[in-house]
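Please read the following briefing alongside the sequence and the three-dimensional view. The points are grouped by topic.

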Amino acid sequence: MALKSSDKIDVNTYELVITIDSATFSEACKQAFLKQRKNIQIPGFRKGKATMGMAEKMYGEAVFYEDALDSLYPETVSAAFDEAGLKVVDTSDVNVPIMSKSEGVEITMKVTTYPEVKLGDYKGLKVKKLPVEATDEDVDNELAQMQKRNSRLIDVTDRPAQMGDTATIDFEGFADGVAFEGGKGENYPLELGSGSFIPGFEEQVAGHSADEEFDVNVTFPEDYAENLAGKEAVFKCKIHEIKTAELPVLDDEFAKDVSEFDTLDELKDDLKKKISEKKESDADADIKNQILDQIVEGMEAEIPECMFEQKTDEMIREYRYNLKNSGIELDTYLQYLGQDMDTFKASIRENAEKQVKLSLVLTAIIEAENIELTDEEIDNEAAELGAQYGMDAEQIKKAVPVADISENAKRNKAINMLVDSAVIE
């Protein structure tokens with residue numbers, strides 16, 4: 001097995017010719033025969049008793065070629081990539097012009113390689129830290145949310161619906177005078193002002209009373225499902241009932257009911273402390289994001305399109321998997337959002353591009369700084385991953401390849417180095 005030639009034909013693109021010698025291929029054909037022997041039936045012989053020569057005479061000399069090549073292909077191609085010194089992202093135009101026991105095998109292919117990355121400035125970057133002290137307004141907003149979570153809905157009978165109310169409605173949508181799929185609902189509890197319906201819908205429900213029938217006129221957003229994008233629609237609606245939230249009074253009794261504190265002042269002090277801690281954490285995360293944005297912006301690389309496509313597809317597969325674990329199919333979820341797959345893929349693409357660029361630039365920094373890990377650092381990374389998934393470090397090491405744990409730890413170490421060197425205003 002050998003690399004016959006490696007020619008660069010474009011940016012990040014090479015054409016390879018790879019060979020397998022006749023002796024190696026012949027032996028692989030023999031092994032393929034031995035694996036299949038028990039299932040081979042030759043007239044005049046008991047099943048599994050025919051020789052390799054008989055099988056080739058009966059079915060053709062090439063009968064075992066495909067299985068033989070399949071067994072050799074992964075190791076052969078990987079060795080050729082190593083010999084050529086190429087870090088391959090994708091392969092295409094794979095052909096096998098020669099394949100026989102007498103001549104061996106010749107494989108031709110085009111490969112796309114990881115791009116070369118030219119780093120910009122990545123140390124001593126200037127960043128701004130967000131305010132971390134909790135304000136009285138922050139505390140008041142959190143108390144308002146606690147009030148809302150502990151509110152109760154009461155019937156409204158003496159006025160029309162208004163923003164903030166929950167109206168139970170029937171609705172059916174029509175575009176060009178025809179009812180469309182997914183546009184009908186009965187006894188649907190809609191919180192007015194939640195933004196869960198098409199823009200303009202909830203505002204038009206406000207002002208109508210229980211048992212009233214009325215029309216709502218809207219225009220679907222341009223990024224909605226293709227069959228409705230940008231179209232005008234009319235929803236026939238009826239309100240069955242209106243409820244509004246009754247908020248509890250903010251006093252010491254409220255504090256006792258919702259917390260371990262006896263007074264409202266104690267609750268406020270605790271909220272202020274927790275909000276400040278969260279702001280500190282958010283500010284640290286924002287500093288990292290500012291730095292990562294700057295190093296990505298400063299890098300130079302001609303990134304192959306296939307890397308973006310592969311990452312986009314990977315993220316969609318992960319999205320689909322997570323939804324399925326929650327009992328929801330992706331197609332059903334997209335219908336609920338009013339999106340088709342192309343629109344959804346486009347929305348994922350931007351984040352995929354950012355992740356690819358970030359991965360490339362961090363890898364380049366790790367190489368430039370020759371970042372290595374101690375056994376203790378790898379153990380700490382495994383422990384942190386374990387904490388996220390409710391597993392101990394040893395369980396993580398069995399479930400996740402050590403190389404992946406190490407790579408993640410190196411990236412975190414690189415990011416910490418960048419933060420430590422940054423100039424924080």
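Helices (H or I, at least four residues) and strands (E, at least two) are taken as DSSP runs, numbered from the N terminus. The model is predicted, so that local features need pLDDT of at least 70 and side-chain atom pairs count only at pLDDT 80 or more, while totals for chains, interfaces and linings use all residues. Residues are numbered from 1 along each chain as its sequence is written, and side-chain values use heavy atoms, with hydrogens and water left out.

- Phe81 has its place in helix H3 (residues 65–84), and at 14% relative accessibility Phe81 counts as buried, where buried means under 20% relative accessible area, exposed over 50% and partly exposed in between (1.4 Å probe, protein chains only).
- Leaving aside neighbours within four places in sequence, Phe81 is in contact (heavy atoms within 4.5 Å) with Leu16, Leu86, Val88, Thr91, Met109 and Val111.
- Leu16 is 65 residues from Phe81 along the chain, and the C-alpha atoms of the two are separated by 8.9 Å.
- Gln147, in helix H4 (residues 136–149), counts as buried at 13% relative accessibility, and, leaving aside neighbours within four places in sequence, Gln147 is in contact with Leu247, Pro248, Leu250 and Phe254.

**Aromatic pairs and a charge over a ring**

- A search of the whole structure finds 14 aromatic pairs, a pair being rings of Phe, Tyr and Trp (its six-membered ring) whose centres lie within 6.5 Å, with planes under 30 degrees apart counted as stacked, over 60 as edge-to-face and the rest as tilted.
- Phe171 and Phe201 form an edge-to-face pair, at 6.4 Å centre to centre and 80° between the planes.
- Because Phe171 lies in strand S7 (residues 166–175) and Phe201 in helix H5 (residues 201–205), this pair ties together parts that are 30 residues apart in sequence.
- Phe171 is buried, with a relative accessible area of 9%, and Phe201 is buried too, at 0%.
- Tyr319 and Tyr333 form a tilted pair, at 6.0 Å centre to centre with 45° between the planes, and the pair links helix H8 (residues 305–325), which holds Tyr319, to helix H9 (residues 330–337), which holds Tyr333, 14 residues apart.
- Tyr319 counts as partly exposed at 31% relative accessibility, and Tyr333 counts as partly exposed at 21%.
- One aromatic cluster is formed by Phe171, Phe180, Tyr188, Phe197, Phe201, Phe220, Tyr224 and Phe235.
- Lys87 lies over the face of Tyr114, at 4.6 Å from the ring centre, under the criterion that NZ of Lys or CZ of Arg is within 6 Å of the ring centre and within 35 degrees of the ring normal.

**Helix H13**

- Helix H13 (residues 402–421) has 20 residues and reaches 29 Å from its first C-alpha to its last, close to the 28 Å expected at 1.5 Å a residue, the expected span being 1.5 Å times one less than the number of residues.
- The buried residues of H13 are Ile405, Ser406, Ala409, Lys410, Ala414, Ile415 and Leu418, and they pack against helix H7 (264–298), helix H10 (341–368), helix H11 (375–389) and helix H12 (393–399).
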